[in-house]
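Visitor: Could you walk me through the aromatic rings and the helix packing here?
Guide: Gladly, let's look together.

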Amino acid sequence: MTIQETLQRALACRHTQSSFRTLDRHREAGQFDRDAAMRLLANNARDYAPVQQRPLLTRLLFDTWVQRHITE
């Protein structure tokens, strides 16, 4: 499975969407912590990617979340 396919599976998961909502709440409250966000998303990556792909998937999930806020 390619990293893009893995990303799409992770994005379709309700747990990942719940993590995105958590990040949204922290951002709106002015309490956003990038390191904590990356740890949260790493938990989602753990569910979908083999060990060697997890850092990349975590970064792609974070970038996807950031991109949603740039395009709002």
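Visitor: How many aromatic pairs does a search of the whole structure find?
Guide: This is a predicted model, where local features need pLDDT of at least 70, side-chain atom pairs count only at pLDDT 80 or more, and totals for chains, interfaces and linings use all residues. Side-chain values use heavy atoms, without hydrogens and water, and residues are numbered from 1 along each chain as its sequence is written. Rings of Phe, Tyr and Trp (its six-membered ring) pair if their centres lie within 6.5 Å; planes under 30 degrees apart are stacked, over 60 edge-to-face, and the rest tilted. The search finds three.

Visitor: Are the rings of Phe32 and Trp65 stacked or edge-to-face?
Guide: Their centres are 5.2 Å apart. The planes lie at 10 degrees, so the pair is stacked.

Visitor: Is Trp65 buried or exposed?
Guide: Buried means under 20% relative accessible area, exposed over 50%, and partly exposed in between (1.4 Å probe, protein chains only). Phe32, at 32%, is partly exposed. Trp65 has 4% relative accessibility, so Trp65 is buried.

Visitor: What kind of pair do Phe62 and Trp65 form?
Guide: Their ring centres are 6.1 Å apart. With the planes at 40 degrees, the pair is tilted.

Visitor: At what angle do helix H2 and helix H3 pack?
Guide: Helices are DSSP runs (H or I, at least four residues), numbered from the N terminus. H2 covers residues 14-28 and H3 residues 34-48, with axes (lines fitted to C-alpha atoms over the stretch in contact) 9 Å apart. Angles run from 0 to 180 degrees between N-to-C directions, and here the value is about 170 degrees.

Note on methods
Helix = DSSP H or I, 4+ residues; strand = E, 2+ residues; numbered from the N terminus.
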